Amino acid sequence: AVRAELCEEAMRLASLLRDRALARTPSTLALCALFCLHAARLPGRVDPAGNLSSLMDQDRSRWNAKLTAEGLRLLDESATGKEASPYHLEAAIAAVHAKARTAAQTQWSEIVELYDLLLRLNPSPVIALNRAIAVGQAEGPARGLQELHGIEGRQRLAFYPFYPAAIAELELRSGNADKAREHFGLALNLARNPHERRFFEQRVQSVFS
């Protein structure tokens, strides 16, 4: 119900934006595009059993096609200014995901390039983390791990469970089961709510059982 309400709210905001000429600045259009594209994926973030589902594992047929189309349209419309804002780049990244019919078809190298630009405008350990994950998909787990361990200010991710989880996934892909288990354990200990805890528990069970 909450996911449906958020999708409806995204559509309402997009409609308001269409009707208010003064609000149609490139940055505002890009922000609304970002909101629509993220809201479109909400139905797939939780599986039918109520468990969190990673982006790689989501059933993309459950994504909201109407919101995706509106987000892509707004992103195209936002490309009228002289400079790209962080909202433009974040929406462009979301658009690359939205256009991929399957996780395997995602243009990860394009996402890495967009994150490179975003980091210049808005340096952040979380953005660097997302970029490193994309590098791992585009260039292999060894390169991804190198980027993860080299994140500037990574101490700020000390209590963020998805940092050790990202390391665990790449260690697993590298064939280092012991290191993967160790970092999945760290992620589990850092889980901030029951949904995250269950997600990491299931990941450990599926990999090491």
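Begin by selecting R131, which has its place in helix α6. Helices here are DSSP runs of H or I with at least four residues, numbered from the N terminus. The model is a predicted one, in which local features need pLDDT of at least 70 and side-chain atom pairs count only at pLDDT 80 or more, while totals for chains, interfaces and linings use all residues. Residues are numbered from 1 along each chain as its sequence is written, and side-chain values use heavy atoms, with hydrogens and water left out.

Is R131 buried or exposed? R131 counts as buried, because its relative accessibility is 15%. Buried means under 20% relative accessible area, exposed means over 50%, and partly exposed lies in between, with a 1.4 Å probe and protein chains only. Next, display the contacts of R131, where contact means heavy atoms within 4.5 Å. Leaving aside neighbours within four places in sequence, R131 is in contact with V112, Y115, D116, L119 and E147.

**Helix α5**

Select residues 108–121, which form helix α5. Helix α5 has 14 residues and reaches 20 Å from its first C-alpha to its last, close to the 20 Å expected at 1.5 Å a residue. The expected span is 1.5 Å times one less than the number of residues. Now colour W108, I111, V112, L114, Y115 and L118, which are buried in α5. They lie on the same side of α5, because they cover an arc of only 165 degrees around the axis. The arc is that of the directions from the helix axis to the C-beta atoms. An α-helix has 3.6 residues a turn, so residues three or four places apart point the same way. Turn to the other side of α5 to find E113 and R120, which are exposed. What covers the buried residues of α5 includes α4 (86–99) and α6 (125–139).

**Helix α3**

Move to helix α3, residues 65–78. Its 14 residues should span 20 Å at 1.5 Å a residue, and its end C-alpha atoms are 20 Å apart, which agrees. Which residues of α3 are buried? They are L67, T68, E70, G71, L74, L75 and S78. These residues cover an arc of only 165 degrees around the axis, which puts them on the same side of α3. On the other side of α3, A65, K66 and D76 are exposed.

**Two cysteines**

Select C32 and C36. The sulfur of C32 is 4.5 Å from the closest cysteine sulfur, in C36, too far for a bond. A disulfide is a pair of cysteine sulfur atoms within 2.5 Å, and the structure holds 0 disulfides. C32 counts as buried at 8% relative accessibility, and C36 is buried with a relative accessible area of 0%.

**I167**

Go on to I167 in helix α8. I167 is buried, with a relative accessible area of 3%. Not counting residues up to four places away in sequence, I167 touches L145, L148, H149 and H183.

**Lining of the largest pocket**

For the last stop, show α1 (2–19), α2 (26–45), α4, α5, α6, α8 (162–173) and α10 (194–208), each of which supplies at least two residues of the lining of the largest pocket.
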